[in-house]
Structures are given as C-alpha cells and as structure tokens.
Amino acid sequence: MSEITPTEAITGQVAGVSLGLSRGRASNPRVATHLRDNRTAYLMIAPMVILLSIFVLWPLIYAIYLSGFQISFYKGAEFVGLKFYQDVLEDPKFWNSLRVGISFAAMVVPAGMVISLLLASFIKTLSRKLAGFMKVTVYVPAVISTVVASVLFLFMYQDQGVVNWFLSLVNAGPVAWLNNPGTALPAIAVPAIWLGLGITTLIMLAGLLDIPDSYYESAELDGAGFFKRTWYITIPLLKNILLYLFVTGFTGALQMLDLPLVMTNGGPVNATTTPNLFIFNNFRGATPYATSYSLTTALLLFVVLGAISVLVFRLINSDKSVDG
C-alpha cells in the first residue's frame with residue numbers, strides 16, 4: 001500500500017471541510033424556502049381563522065355557556081346546569097318538529113336533485129344561445145325572495161287557485177292543500193324544490209361539462225341509452241358534486257323557516273312545524289325563560305345536523321380530489 005503524505009492528508013481534510021460547508025450552504029436555502037412557504041400559508045389563512053373565531057367559534061362557546069342559565073328579562077340569570085336540555089328532550093313537540101323537518105328534507109332534496117340532473121343533461125345538448133337562455137330561465141327562482149314565493153304559492157293553493165283549476169279540468173278537487181295535515185307538508189315542499197332548482201341545476205351542469213365527451217361516445221357505440229349512460233357514467237363521475245348537493249340541501253331543508261311560517265304558520269296541527277319554526281315560536285312565546293329554551297333547542301338542532309352530516313359522509317365516501 002502507498003503511504004499518504006502529510007500534504008495529501010491536509011489537502012483531503014481541507015477538501016472535506018469545503019465539501020461539508022458547500023452541502024450545508026446548499027441545504028440551508030431549501031430549509032429557508034420551506035419555512036417561508038409555511039409562513040406565507042399561515043398568513044393567508046389567518047384572516048379566515050380570525051373571522052371564524054370571532055363570528056362562529058366564540059358565539060358557539062358563549063351559547064353553550066348561556067344554555068346552562070335561566071335567562072329572564074325580569075330577574076338575574078340563575079345557573080341550572082343541564083335542566084333546559086332535559087326539558088327540550090322531553091318535549092314531544094321538539095321531536096315532532098324533527099320528524100317534520102326530516103320528512104320535508106326527504107321530499108325536497110331527492111326530487112330537486114333528480115329534476116336538476118335531468119334539466120342539466122337537457123341544457124348540455126342545446127346550442128350555445130338556447131343553453132344561455134335556459135340557464136337564465138332556470139336560475140330566475142334563485143333570485144326570488146322566499147316570502148314572495150310563499151305568497152305566490154299561497155294564492156295558487158287556494159280553492160279558486162290555479163292548482164285546483166287544473167284539477168277541475170279532470171273533474172277532481174278542489175283540495176284544501178294547506179288545511180289538510182296530509183297535504184300541507186308536500187304542498188310546501190313544491191315551492192322549496194322550485195326555489196332551489198336554479199343553483200342545483202347550474203352546479204350539476206358545470207360538473208357535466210367537465211366529463212369528457214369520449215366517454216359518452218364510447219357508450220353510444222356499445223348501444224347504451226340515456227339512462228344507462230346516466231347510471232354508469234354521469235352519476236359515478238358526479239359523485240362528489242352529488243354528495244355536496246345532498247349534504248347542503250338536506251341541512252338547508254331541515255332548517256327551513258320562511259315557507260312554513262308564511263304559508264301555514266306551522267299548522268294544521270303542527271304538521272308543518274319545522275325545527276327552526278319550533279325555535280322561533282318558543283322564542284316569541286310568553287314563557288319567562290323562552291330565550292334559554294330556544295337557545296338550548298338551537299344547540300340540540302346543531303348537534304342533530306352535525307350527526308346527520310357525519311353519517312352521510314360515512315355512508316357515502318367521496319372520491320379523492322387529487323390523483324395518486
């Protein structure tokens with residue numbers, strides 16, 4: 001073996017130190033860039049976190065705190081713990097309002113999604129001008145006030161209204177749509193579907209336009225009709241959009257207030273008293289602790305809505321938003 005001279009050893013040590021320093025200098029910019037990216041991301045989400053904390057988290061925490069007190073306008077607040085939670089859970093009217101709300105959502109959401117999907121599929125086949133006209137026409141109900149729509153349908157459901165007039169053409173009716181417990185809730189569901197049709201249709205149309213036409217062309221070559229193409233191509237590829245519309249639509253329908261308030265005021269026999277209308281009626285009630293009772297009911301409704309959303313996401317797993 002050849003011996004290493006002192007000069008070569010010193011040269012090697014110097015070279016090693018230089019190589020280490022160069023590697024350190026090369027790695028430091030990467031670490032600094034990573035930290036800068038994190039700092040930028042934190043700064044960008046900071047305004048949203050602050051706003052959520054001020055307008056969502058803090059009011060929620062404060063509402064939970066207040067629900068443990070008897071709040072009255074005539075005397076000071078008194079701590080009662082979980083008393084109001086027990087009162088609400090033992091109130092049959094609260095459970096009836098949940099049943100009405102879930103039934104209402106079950107009528108509105110599936111029907112609205114099916115009609116919107118059919119409309120979006122039809123608009124996709126039109127020319128550019130006709131498609132633009134149809135999109136504007138379908139979206140018109142979304143800009144109409146819920147109160148205005150309630151009054152409009154209230155006149156339509158009267159004995160001499162347009163709905164009963166159509167029934168008279170086939171020697172049927174008239175039907176007391178809003179005075180019959182069996183027909184009042186479905187009668188309110190119709191304007192709810194109509195009001196939500198525009199936004200749902202446009203969202204589904206945007207999803208349909210993202211599906212490559214080659215998929216449908218291949219299916220047509222294999223002899224697949226409209227319903228088979230919808231079932232095996234459209235619905236699977238719109239899975240995330242359908243899931244979003246279902247969850248948001250269900251929670252929105254369960255919280256409906258304006259339509260039953262204006263059209264029936266919760267009647268007949270509480271057949272259209274939705275959870276929010278139940279909370280509203282209790283809040284304006286003459287009981288001395290209406291505020292505490294309504295606040296506790298609202299918190300329990302929040303828990304119910306959260307549980308339903310979690311259950312839906314557990315049963316229907318959404319696809320990943322990115323590949324890999």
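## Close-up views of a predicted model

**View 1. The lining of the second largest pocket.** S121, K124, T125, L208, D213, Y216, E217, E220, F226, R229, T230 and T234 line the second largest pocket. On a 1 Å grid over the protein atoms alone, a pocket is an open set of points where a 1.4 Å probe fits, with protein on both sides within 12 Å along at least five of seven lines, while a cavity is a set from which the probe cannot get out; lining residues have an atom within 4 Å of a point. This is a predicted model, in which local features need pLDDT of at least 70 and side-chain atom pairs count only at pLDDT 80 or more, while totals for chains, interfaces and linings use all residues. Residues are numbered from 1 along each chain as its sequence is written, and side-chain values use heavy atoms, with hydrogens and water left out. The space in this second largest pocket comes to about 280 Å³, where a volume is the space filled by probe spheres set on grid points joined across faces, edges and corners. At least two lining residues come from each of α3, α8 and α9 (226–237); helices (H or I, at least four residues) and strands (E, at least two) are DSSP runs numbered from the N terminus. Sorted by class, the lining holds five charged, four polar and three nonpolar residues. Here Asp, Glu, Lys and Arg count as charged, Ala, Val, Leu, Ile, Met, Phe, Trp, Tyr, Cys and Pro as nonpolar, and the others, Gly among them, as polar.

**View 2. The largest pocket and its lining.** This pocket has a volume of about 570 Å³. Its lining has 25 residues, and A192, L195, G196, T200 and G249 lie nearest the centre. Look to α3, α7 and α10 for at least two lining residues each; α7 gives the largest share, eight residues.

**View 3. The largest nonpolar core.** A nonpolar core is a set of buried Ala, Val, Leu, Ile, Met, Phe, Trp, Tyr and Cys residues joined through side-chain atoms within 4.5 Å. Buried means under 20% relative accessible area, exposed over 50%, and partly exposed in between (1.4 Å probe, protein chains only). Among the 39 residues of this core, F104, M204, L259 and M263 touch the most other members. At least two core residues each come from α3 (92–124), α4 (128–139), α5 (146–156), α7 (184–209), α8 (213–221), α10 (239–254) and α11 (258–263). With ten residues, α7 supplies the largest share. Another core, of 14 residues, lies apart from it, with Y85, L98, L254 and L300 among its members.

**View 4. Helix α10 and its buried residues.** α10 has 16 residues and reaches 22 Å from its first C-alpha to its last, close to the 22 Å expected at 1.5 Å a residue; the expected span is 1.5 Å times one less than the number of residues. L242, L243, L245, V247, F250, T251, A253 and L254 are its buried residues. They pack against α3, α7, α9, α12 (275–283) and α13 (290–315).

**View 5. Contacts of L259 and T264.** Contact means heavy atoms within 4.5 Å. Leaving aside neighbours within four places in sequence, L259 is in contact with T146, S150, I188, P191, A192, L195 and T264. T264 sits in the loop between α11 and α12 and counts as buried because its relative accessibility is 15%. Again leaving aside neighbours within four places, T264 is in contact with L178, I188, L259 and T272.

View 6. Most residues other than glycine have a negative phi, and most peptide bonds are trans. N265, in the loop between α11 and α12, has a positive phi near 55° and counts as partly exposed because its relative accessibility is 42%. V269, also placed in that loop, has a phi near 55°, a positive value in a residue other than glycine; V269 is exposed, with a relative accessible area of 76%.

**View 7. D91 in the loop between α2 (83–89) and α3.** At 15% relative accessibility, D91 counts as buried. Beyond its neighbours within four places in sequence, D91 is in contact with F278 and Y293.
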